[in-house]
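Reader: I am new to reading structures and would like a close look at one part of this one. Please take me through the inside of the protein, one residue at a time where that helps.

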Amino acid sequence: TPGTLGRNPGNGARLSALRLSVWFELWPWAGLLVGLAGGLILLAAYSPRSGPLYKIRVGSFDFLLLRREARPLDGPNSPVAVVGIDEASLGKFGDPIPRGKLQEAIQTILDAGPAGVVLDMQFTTPDRTASLVREALGAAEESIRKPGAFETLSDKYDETSRLLTTLSDPRVIGTLYPYGHDETRVVPQPIPEDVAERLQLVENNLTSEEDCVRFAGAEGITLDRDQFLEAIVNHGSARLEAENDGIMRRYPLFIRYGESLYPSLAVAAATLRNEMQSATVDCEPSGILEIFAIGADYPLGLKGEAGYPDGRVWINFGGKFKESFPGWVSFQDLIPTAVSSTASAPEMAATEERERARAEEWKQKFGGKLVFLGPRTDYDDKYPTYNDNAFPGVAIHATVAHGLITKQWLHR
């Protein structure tokens, strides 16, 4: 009874034994629950893209970069330069930039003798003005019935035709844009087999089916319109992806689409500058082992253990955009000055002299370099970095190409 239980020492011993028995039955389950809880906490902490340790890791990365002095990446001995389509250029020529002006600017760069012109832009929409011009020229040729008149007039007035001729220069690199399942796009666009062979430029030297599976993949891909896709010989992926906190820190050297790897704009540019026809990726599950070309060492000494297991490198920024590329050129400055038909002979001579001086200036600035041309505005294709809220995407590609060529990399 309750009255005798407390007065009987034997009953107390039996109660303690009962409690121990219950504890021995429950403690494995309690231990399991504690272990599961601890595992979940550790999983959250060690998650590569989230959690407190991730924040500490990327925070320390940002802190180390902030402690460095800014350094220009576009000096006289630099392999890269940047031309930005800024607000002033859009205000002067219109948005989008007319294809005739694009042709003039790209031709100005090509005349300066660059190693390559890298276009961070796509030609995905039809040019209605060009089609109207071609219709009008066709009618004009029929009316005057002069053989060859269409080609002559087309070369003079059809902006798209002139642009296609300029873009066919083998030093020009165009843009592929792979996109993920979370992005709103049209139905995934298949790449024709003959086009894929020309655009891929990368061969897989794999040791097993598990190799390189962690490389960034794409659900679909956006290509230039057929005539531009045919004209531009070289292409690279322009896809950029910020970290979970919205900051741009790493850059995908390759994009996996289907069973193929496609080079980034930076890799395609560095390959072109080193006069290579293609690059080969030798990798294992831990990441990139080597990137090379037949007969030449590729200027990229990456190893899987160096911190690039998914084919993405830490971007070695020089500082803010204007610190990294203080010599960047506004698109509008590349357009030659038009000489009025009513100008006097001295005025025409003065204009021609100014254009010759500018041509020499462009040779000094662009000669032998990879010139990256793309948007440079506060509202288009911009990304926050560790110390810049609006770093242009075109300059990110140029920064990584600079690291590829000069072998200036960040390692964990």
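Author: Start with valine 400. Setting aside neighbours within four places in sequence, valine 400 is in contact with Tyr251, Leu253, Ala266, Val313, Ile315 and Trp409. The model is a predicted one, and what follows describes that model.

Is valine 267 buried or exposed? Valine 267 counts as buried because its relative accessibility is 1%, and the cut-off for buried is under 20%. Valine 267 can also be compared with a residue from another stretch of the sequence. Between valine 267 and serine 237 there are 30 positions in sequence, while their C-alpha atoms are 9.1 Å apart in space.

Now step back to the protein as a whole. It has 412 residues, and 45% of them count as buried. Its secondary structure consists of 14 helices and 16 strands. Among contacts with a separation of 6 or more, 77% are between residues 24 or more positions apart. The accessible surface comes to about 21600 Å², and carbon and sulfur atoms account for 56% of that area.

The last stop is the largest pocket. About 930 Å³ of space lies in this pocket. Its lining is made of 32 residues, and those nearest the centre are Pro96, Met121, Gln122, Pro375 and Asp380. Helix 5 (99–111) and strand 3 (172–179) each supply at least two residues of the lining. Sorted by class, the lining of this pocket has 15 nonpolar, 8 polar and 9 charged residues.

Conventions. Residues numbered from 1 in each chain as written. Predicted model: local features only at pLDDT ≥ 70, side-chain atom pairs only at ≥ 80, totals over all residues. Heavy atoms only, no water. Buried < 20%, exposed > 50% of the residue type's maximum accessible area, 1.4 Å probe, protein only. Helix = DSSP H or I, 4+ residues; strand = E, 2+ residues; numbered from the N terminus. Contact = heavy atoms within 4.5 Å. Areas by Shrake-Rupley, 256 points an atom, 1.4 Å probe, with all protein chains shown as cover. 1 Å grid on protein atoms, 1.4 Å probe; cavity = no way out; pocket = protein on both sides within 12 Å on 5 of 7 lines; lining within 4 Å. Points joined across faces, edges and corners; volume = space filled by probe spheres on them. Nonpolar A, V, L, I, M, F, W, Y, C, P; charged D, E, K, R; others polar.
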